[in-house]
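Here are a few notes to read with the model open beside you. Take them one at a time and find each spot as you go.

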Amino acid sequence: MRREGEWNGKQLILASVVHDVQNGGDPTKFRSTTLPGFTYRSQWWVTHGELGAFPGRGMHGQLLYVAPKAEMVVARFASHPVAGSSGNSPITLPQMLELGWTLSG
């Protein structure tokens with residue numbers, strides 16, 4: 001997803017599919033009430049921020065944070081006692097953004 005579907009010279013996922021995800025959903029229909037500025041598209045939450053990040057958020061705090069402009073992917077494995085991500089997203093998502101800024105320099 002970070003490399004527009006390409007890996008080792010092979011197109012594994014159509015670039016058009018990745019771009020569709022990166023564009024996010026219709027903000028009037030898929031705006032997050034807990035993640036300001038984010039929209040939802042095809043199982044991904046799109047930040048619409050400067051790093052072009054789109055996290056996949058799982059149950060119990062699991063997270064796959066893809067930030068193409070920082071050339072960064074972070075997999076967070078977790079077993080938070082609360083199934084939803086609302087308890088840890090206010091801490092984890094700013095940390096991911098800061099890490100992306102640091103890497104992109």
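**Notes on a strand and a cavity**

1. Let's start with a pairing: strand β6 and strand β7 (residues 72-76) run antiparallel and are joined by five bridges. Keep in mind that this is a predicted model. If you want one spot to look at, find Val66, which sits opposite Val73 in β7.

2. β6 has another partner to check out. Strand β5 (residues 54-57) is antiparallel to β6, with four bridges between the two. Arg57 has Leu63 of β6 as its bridge partner. This pair is a hairpin too, with five residues between the strands, and His60 in the turn shows a positive phi of about 60 degrees.

3. So is β6 mostly covered or mostly open? Mostly covered: β6 spans residues 63-67, and four of its five residues are buried.

4. Arg57 and Leu63 come back here, as both are among the residues lining the largest cavity, along with others including Gln62, Ser85 and Thr92. Helix α2 (residues 89-104) gives the most to this lining, with three residues. Sorted by class, the lining has six polar, two nonpolar and one charged residues.

Definitions and conventions:
Residues numbered from 1 in each chain as written. Predicted model: local features only at pLDDT ≥ 70, side-chain atom pairs only at ≥ 80, totals over all residues. Heavy atoms only, no water. Buried < 20%, exposed > 50% of the residue type's maximum accessible area, 1.4 Å probe, protein only. Pairing = 2+ DSSP bridges. 1 Å grid on protein atoms, 1.4 Å probe; cavity = no way out; pocket = protein on both sides within 12 Å on 5 of 7 lines; lining within 4 Å. Nonpolar A, V, L, I, M, F, W, Y, C, P; charged D, E, K, R; others polar.
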